[in-house]
Amino acid sequence: RRFKTEGFSESARTLLSATWRDGTKKDYSSKFEKFNSWCGERQIDPYSANLNQIADFLAYLFHSGLQYRTIAGYRSMLSAVLPPVQNFPVGQHPNIVRIIKGVFDSRPPKVKILPEWNLELLLLALEKKPFEPMQEVDLKHVTLKTVFLVAITTFRRCSDLQSLRIDDKSMRVQSKGITFVRHGLAKQDRQKHFGEKLFVPSFPEKTLIDPKRALSVYLDKTKNFRGKLSESERIKLFLGINEPHKPVSTATISSWIVQAIRIAYNDDDNMEVNAHSTRAIAPSWALYKGASLKSILDSADWAVESTFAKFYLRDFDATKVLE
């Protein structure tokens with residue numbers, strides 16, 4: 001609607017809209033619904049809200065208890081969908097910038113120093129019941145174990161895992177591990193950086209937590225019902241645990257990782273844990289154990305060291321506290 005108002009043709013609008021990834025579109029849509037609801041209660045046209053009204057909405061979000069990064073996300077959404085104000089994109093107007101700074105100063109983001117859970121404890125749990133012996137346990141626990149091992153050894157997002165396929169053009173099994181071609185654009189992909197492969201290593205000396213072995217068992221467990229799916233469905237790596245075993249969403253993979261962690265902690269529902277924490281804890285542990293920083297950045301597909309250091313690095317000097 002904004003692009004149309006600014007006079008762009010339909011074909012140009014399509015390309016302009018394509019610069020937003022599916023995840024961004026979904027996120028912006030959800031955030032705009034909340035903005036639209038807020039405007040409706042105040043009889044404001046959401047597409048022509050003025051600067052004061054936008055400021056009031058951001059203040060409303062703050063007093064609702066939302067954190068800085070969430071409110072900053074709303075600012076980005078408003079800047080993308082609303083027309084400029086006083087020749088400034090909404091999110092870059094000096095007063096809106098000051099409001100966001102006020103949110104930051106009043107409610108700074110929480111910095112996590114300690115890991116949210118103990119990776120060694122998780123790995124020990126995966127070597128025992130209900131995850132072993134893998135050839136004999138049910139599909140649920142084989143799936144949870146496989147997804148967790150792939151996540152912690154590749155350092156990748158759940159969306160990356162969800163995109164993986166097992167056809168000949170997408171998966172290559174080698175002695176040192178399994179290489180996957182990621183289908184679709186990853187969150188960090190851009191014009192000069194895309195098409196990074198995902199490598200799942202093999203640890204033959206650690207059989208019970210070898211991700212290559214886990215994938216092999218998982219593929220064997222899912223072989224029978226893959227034949228009942230369509231060609232586009234059966235080639236997806238991760239399928240639903242229950243019938244009809246359709247390819248799963250990113251959210252499902254995320255929930256599987258959380259389930260694996262909670263089972264290792266004896267189903268502790270009070271744990272504050274999310275699947276994305278694997279992207280912080282596994283690389284931090286690898287660095288703690290002596291892996292080179294370059295190998296970590298390459299595996300996680302981080303372009304610069306500062307991304308890892310600022311957002312993901314955890315201090316393992318105090319892991320005893322969690323044991």
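This is a predicted model: local features need pLDDT of at least 70, side-chain atom pairs count only at pLDDT 80 or more; totals for chains, interfaces and linings use all residues.

What follows is a request about one lysine and a connected reply.

User: Where is Lys236 found, and which residues is Lys236 in contact with, leaving aside its neighbours within four places in sequence?

Analyst: Lys236 is found in the loop that runs between α11 (231-234) and α12 (250-264). Lys236 is buried, yet it has no salt bridge. The nearest side chain of opposite charge belongs to Glu233, 9.7 Å away, whereas a salt bridge would need the charged atoms within 4 Å. What the side chain of Lys236 does have is a polar atom 3.4 Å from the backbone oxygen of Gln162. Gln162 is also one of the contacts of Lys236 once neighbours within four places in sequence are left aside; the others are Ser163, Leu164, Arg165, Arg226 and Pro247.

Now for the wider setting. The protein chain has 15 helices and 3 strands, and 42% of its 323 residues count as buried. The largest nonpolar core holds 48 residues, and those touching the most other members are Trp117, Phe148, Phe180, Phe238, Ile253, Ile257 and Ile261. Elements that give two or more residues to this core include α9 (158-162), α10 (211-226) and α12, while α8 supplies the largest share, 9 residues. A second, separate core has 26 residues, among them Tyr28 and Leu58. Across the protein chain, 62% of the contacts with a separation of 6 or more are between residues 24 or more positions apart.

Methods: Residues are numbered from 1 along each chain as its sequence is written. Side-chain values use heavy atoms; hydrogens and water are left out. Helices (H or I, at least four residues) and strands (E, at least two) are DSSP runs, numbered from the N terminus. Buried means under 20% relative accessible area, exposed over 50%, partly exposed in between (1.4 Å probe, protein chains only). Lys and Arg count as positive and Asp and Glu as negative; His and the chain ends are not counted. A polar contact is a pair of N or O atoms within 3.5 Å; within protein, one must be able to donate a hydrogen and the other to accept it, and residues adjacent in sequence count only if both atoms are side-chain atoms. Contact means heavy atoms within 4.5 Å. A nonpolar core is a set of buried Ala, Val, Leu, Ile, Met, Phe, Trp, Tyr and Cys residues joined through side-chain atoms within 4.5 Å.
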